[in-house]
Amino acid sequence: MKKIAIYLSIIVVLFAGLYVVNQQSDKAKNSKFANNVYGMAPDKMNPETVKQLDDPNYQNIILPAELDKKLNAKEDFFVYYFASTCPHCKRTTPVLAPLSKELGIDVKQFNLEEFKDGWSKYNIQSTPTLIYYKAGKEVERMVGGIAEAGQQGYNSDSFKQFLQKYKAK
């Protein structure tokens, strides 16, 4: 009888230990991303967004409250509307992000996969969409991304011309 009690005690201690280790692991995982650009825990985000958290091309995220503040303050700025699940965005962002950095232009990124009400609120029909706002009002937009080889659409020069057109203004 004593042997059974000892074995049961050992099993209980092992399960308790596993529970504690698992809790600490989850806590460490969530704290790693607690200060991410979205300010959200990864388990509340789309898995494709979580994959982009460490990608340098997806670090200039603007949150809905910040975007509304810029619009209400009647600022001049660019916003790149994308969805972390969009294949066209995944082809365009690695071109646009370095290009905007090279030109010294701050292009904010709004993830419609995480903030779905942005589709109707900002009148976005498809992703990617790049918009220039002047005095908080939309001036012009580019709808669509970098074209696949052999297809019609935009290339890096198209985006460069769009950004330079409004850079000095």
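The predicted model contains an open sheet of 4 strands in the order E2-E1-E3-E4, with mixed pairing; strands (E, at least two residues) and helices (H or I, at least four) are DSSP runs numbered from the N terminus, and two strands pair if DSSP finds at least two bridges between them. Strand E2 (107-111) and strand E4 (137-143) each have a single partner strand and stand at the edges, so one side of each is left without a neighbour in the sheet. On average, neighbouring strands are turned by 25° against each other, direction ignored. Strands E1 (residues 77-82) and E3 (residues 129-134) are antiparallel and share 5 bridges, with Phe77 opposite Tyr133 in E3.

Helix H3 (residues 64-72) packs on this sheet, touching E1, E2 and E3, and its direction makes about 145° with that of E1. Helix H6 (residues 156-167) lies across E1, E2, E3 and E4 and runs at about 170° to E4. Contact means heavy atoms within 4.5 Å; axes are lines fitted to C-alpha atoms, for helices over the stretch in contact, with angles from 0 to 180 degrees between N-to-C directions.

Residues are numbered from 1 along each chain as its sequence is written, and side-chain values use heavy atoms, without hydrogens and water. Local features need pLDDT of at least 70 and side-chain atom pairs count only at pLDDT 80 or more, whereas totals for chains, interfaces and linings use all residues.
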